[in-house]
Amino acid sequence: MRRVVCPGSFDPVTNGHLDIIGRASRLYDEVVVAVLINIEKKSLFTVEERIEMLQAVTKEYGNVRVDKFHGLLVDFCKQQEIPAIVKGLRAISDFDYELQMAQLNYRMSGVETLFMSTNPEYSFLSSSRIKEITRYGGDVSGLVPDLVHELLVERLRG
Ligand code: PNS
């Protein structure tokens, strides 16, 4: 079974994330979407809420499993027998940070990181900007799944 992990905070999942997950799901037998449990970072949605959203929007792919992890990603990979991480690269600004993580993860464990170029339609997207725009009344429809859009508006403008 060829398995890959797609890790992140997903607070919340955007169409950019979904594009990477969907494309990875066509290349691998199973994609494990792993939500980081980070008690130091203030999040808008709880880990369970993020997992529910991810499960709903990835259901149609058929080979995507959503899980959570804390601590090192490579330890999660080891426990789950996942040999590779897939990441989307939006722009050169992502590169330094992602390269350092990829090299450290490889050095620690031998787990490979594969980079996929983000669909240009979504290369400007980030969960933080999505939250900011929604909070101040902007329209993010088309940039996040409809279900996520509804929950964002409810939570931020409720
Ligand atoms: O969506 P994000 O916040 O950019 O995702 C970052 C994430 C979760 C992929 C990264 O922070 C991570 O892997 N964290 C787990 C801790 C870890 O393994 N750190 C060592 C990296 S070399």
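Let's start with Glu81, which sits in the loop between helix 3 and strand 4 (84-89); helices (H or I, at least four residues) and strands (E, at least two) are DSSP runs, numbered from the N terminus. Glu81 is exposed, with a relative accessible area of 64%. Here buried means under 20% relative accessible area, exposed over 50%, and partly exposed in between, with a 1.4 Å probe and protein chains only. Phi of Glu81 is near 55°, a positive value in a residue other than glycine.

A word on what you are looking at: this is a predicted model, where local features need pLDDT of at least 70 and side-chain atom pairs count only at pLDDT 80 or more, while totals for chains, interfaces and linings use all residues. Residues are numbered from 1 along each chain as its sequence is written, and side-chain values use heavy atoms, leaving out hydrogens and water.

Now over to the loop between strand 1 and helix 1, where we find Phe10. Phe10 also has a positive phi, near 50°, but is buried, at 3% relative accessibility. In that loop, between strand 1 (3-8) and helix 1 (15-27), lies Pro12 too, and a cis peptide bond joins Asp11 and Pro12, with omega about 0°. For context, most residues other than glycine have a negative phi, and most peptide bonds are trans.

Last stop, Leu72: where does Leu72 lie? Leu72 is in the loop between strand 3 (64-69) and helix 3 (73-80), and is partly exposed, with a relative accessible area of 43%.
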